[in-house]
Amino acid sequence: MIDNSKQRKLGAILSYLNILIATAVGILYTPFLLRALGQSEYGLYSLILALMSFLAILDLGFGNSIVRFNAKLRALKDDQGIARLNGLFVILYSAMAIIALGIGYFIYQDFDVFIGDSLTADEAARAKIMFTILIVNLAFTLFMSIYNSLLIAYEKFVIVQTFALFRTLLMPIIMTPLLLFGYGSIALVVVNVSLNVIVLLGAAMYCYTNLKVKITFTGLDYGLFKDISTYSFFILLNILVDKLYAPTSQYILGVTTGTTAVAVYAIGIQFTTYFTMLSTSINSVFLPKITQLVVEEKFKEISNVFIKTGRIQFIILAFVLSGFILFGQEFIKLWAGPEYVNSYIIALIIMVPSIIPLSQNMAIVILQARNQLKFRVLVYLIIAIVSVGLSYYLSNLWLEIGPAISVATATLLGQILIMNYYYFKKVQLDIPQYWKQVLPITCRMALMMGVFYMFYRMIIVEYSWGNLALSVFVYSLITFFYMYKRIMNDYERGLFSGVIKRVYLKRGLK
């Protein structure tokens, strides 16, 4: 039996491994998927997933509530209270599952209204089949959701991540031969749903056989529902904000333009997702320290931590973004095909302004510690709603490029201008100093990119995987040494040197 401390460590390792493998699978498997399905079929599949993602909010943020309230009652050793709490959540999720089926039936009856008239009759028929399968899967997922949350509440992170890894690896293994034999997007949905059912049943079995989870429906404390709802509300708003960006844009494109535009946009969003992942790796470890500084009212030190981590994240993100600016277009042409060249433009439009809020992610930790998340959530919700309206208008003008412009506009106005003002005035972060730190980095990176681009275009005249790989390697090597010497400060160089020293010491090298 692995204790909770080791569960956390191994769970964290497996979590990063999952991110790495999921990214690798996405990069390696997506080109095959695109060519096997075709642009239109892939766009159709992405459109239905986007439509279904709206209904997924029926979870209502209860998953986090299960973890929090279960952990609280376990600390009090209230086994009967835990059983009653689990019973309450089973009732809540069962109600959500029934509502999901009801909404699904309503959409099914007027399916053409919800998907617009941009699809062909054959596409609409396949979309209807996929939607039916996925709505049943959603209802089953909601009904069984409590078990995965209980695994987290009991700190069984290794089991949770193992299940996730199982799905990530098995999906392409099963789908590859099916696609080679000519099966399309419906088979993709069936396999995805089948794996989901296996994982959910596995989680339920583990809860009953290993954790001895008890569920009772007698003596339920319905007054607890108010506490659960209050806690879940802002989590739900965060989920809603996420849904109002990429999934909504894909859905709007499917309704106004067609499946081809959805496919191109989906590939662009895939790269922005990878970019976002880079900014979330160091935040959680700072929460205890930030909380302590908040209690001690050391606001200057909090601001220093924000700027210090902001610089590090900005340097990492700028390094990746500069490489994508230089080589992303060629990579996408070789990887997905020249018909996806607009995916590069979409990714670039979204990634460039997002580097600021992503490098400021430490501010989220500070807001959590100071219990000031409400304003951020409300601002993000408002700009997301504005972005939806703008996406619809711009998609009619510039097809798949339009929604990307609306997302970038929302990022600039809400996440940069409004939130930076709030961080400065209300959270007491030294935002002017942050900008004084990142602007010189931006100028130096732009200069580095410009010089390399001139030589790159003079030397490389033919695009191929070999030339691209060599160019990326040379650029990465030169840029890293340039950043180490000209951009990093002593603290950042010390961090990097420390990592290298630890790696060498672990290998027994002096």
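Residues are classed by relative accessible area: buried means under 20%, exposed over 50%, and partly exposed in between, with a 1.4 Å probe and protein chains only. By this scheme Asp 490 is exposed, at 62% relative accessibility.

The structure is a predicted model, in which local features need pLDDT of at least 70, side-chain atom pairs count only at pLDDT 80 or more, and totals for chains, interfaces and linings use all residues. Residues are numbered from 1 along each chain as its sequence is written, and side-chain values use heavy atoms, with hydrogens and water left out.

The protein chain has 20 helices and 0 strands. Both are DSSP runs numbered from the N terminus (helices: H or I, at least four residues; strands: E, at least two). Of the 510 residues in the chain, 49% are buried. Contacts (heavy atoms within 4.5 Å) were counted at a separation of 6 or more; residues 24 or more positions apart account for 84% of them. The chain exposes about 24,900 Å², and carbon and sulfur atoms supply 68% of this area. Accessible areas come from the Shrake-Rupley method with a 1.4 Å probe; for residues, only the protein chains shown count as cover.

The structure holds 3 salt bridges, each defined as a side-chain nitrogen of Lys or Arg within 4 Å of a carboxyl oxygen of Asp or Glu. Arg 126 pairs with Glu 41, with 2.5 Å between the closest N and O atoms. This pair links distant parts of the chain: Arg 126 lies in helix α6 (residues 121-153) and Glu 41 in helix α2 (residues 39-55), 85 residues apart. Arg 126 is buried at 17% relative accessibility, and Glu 41 is buried at 12%. Arg 126 also forms a salt bridge with Asp 122 (2.1 Å, N to O). These two residues are 4 apart in helix α6, so about one helical turn separates them. Asp 122 is partly exposed, at 49%.

Asp 490 forms a salt bridge with Arg 493, the closest N and O atoms being 2.9 Å apart. The two are 3 residues apart in helix α20, so they too are separated by about one helical turn. Through shared partners, salt bridges join Glu 41, Asp 122 and Arg 126 into one network.
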